[in-house]
Amino acid sequence: MDSENLLPRDGEAYLFPQVFSPEESQQLFQSLYQNVIWRQEEIILFGRKVMQPRLTAWCADSDKHLRYSGITMIPDPWSKELILIKSRVESVARQSFNGVLLNLYRDGRDSMGWHQDNEVELGRRPCIASVSFGAHRSFHFKHRSTQDLKVKLELEDGSLLLMQGDCQDHWLHCLPKRLRIDRPRINLTFRKLL
């Protein structure tokens, strides 16, 4: 890998800026924004039902259902744009993936709270490959047992963030609200379900 580990211990996170050129990023953003069937799902959070603060879609091999926070997502088929993105991501990550969770953050009011990608279907020590198109957003990590151990970074248009090794066991991550951001962002998190 041509990137340094951003986490000081207990896991790995690598940021690759401009895996997609500005022209590719703009074209892929527009295609995904217009052609994906975006949904707002109701999830269970701390024992109560709430609407997710973003829109989502799940594309995967036909037998790969995604389950989290009380919902089960049935896969939509791979589009030609997603196959192109997946191929590029797999060449950088040196991993194969069979599903992608698509997230549309409509503006800075949409967010994702502290969580881990630790669903049983991902197996032990999963690799999550996160691609960003559109508005730049802050992304935060915090260590589960050492609360003052934190890492903050900017996810730029066309970038790829790889989280792997023990990252999901020891670190939480989030995308906080940023009320000054009025542009949308599309985030694709590629994963391999067992």
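Does R109 count as buried or exposed, and at what relative accessibility? At 54% relative accessibility, R109 counts as exposed (buried is under 20% relative accessible area, exposed over 50%, partly exposed in between, with a 1.4 Å probe and protein chains only). This is a predicted model, where local features need pLDDT of at least 70, side-chain atom pairs count only at pLDDT 80 or more, and totals for chains, interfaces and linings use all residues. Residues are numbered from 1 along each chain as its sequence is written, and side-chain values use heavy atoms, with hydrogens and water left out.

**Annotated domain**

- The UniProt record, an unreviewed entry, lists residues 96–194 as "domain: Fe2OG dioxygenase".
- UniProt positions follow the numbering used here, feature names are shortened, and annotations may be inferred rather than shown by experiment.
- Residues 96–194 are 4% helix and 48% strand (DSSP runs, numbered from the N terminus: helices are H or I with at least four residues, strands are E with at least two).
- The end C-alpha atoms of that span lie 12 Å apart.

**Salt bridges**

- The whole structure holds twelve salt bridges (a side-chain nitrogen of Lys or Arg within 4 Å of a carboxyl oxygen of Asp or Glu).
- R109 pairs with D107, with 2.7 Å between the closest N and O atoms. R109 is exposed, whereas D107 is buried at 13% relative accessible area.
- R9 and D10 form another salt bridge, at 3.0 Å from N to O. R9 is partly exposed at 37%, and D10 is partly exposed at 29%.

- R125 bridges to D166, with the closest N and O atoms 3.0 Å apart. R125 sits in the loop between β8 (112–115) and β9 (128–134), and D166 in the loop between β12 (160–164) and α3 (167–170), so the pair ties together parts that are 41 residues apart in sequence.
- R125 is partly exposed, with a relative accessible area of 46%. D166 is also partly exposed, at 22%.
- A network of salt bridges links R124, R125, D166 and D169.

**Helix α1**

- Helix α1 covers residues 22–35, which is 14 residues. At 1.5 Å a residue it should span 20 Å, and its end C-alpha atoms are 20 Å apart, which agrees (the expected span is 1.5 Å times one less than the number of residues).
- S25, L28, F29, S31 and L32 of α1 are buried.
- The cover over these buried residues includes α2 (80–93), β7 (99–105), β9 and β14 (185–191) (contact means heavy atoms within 4.5 Å).
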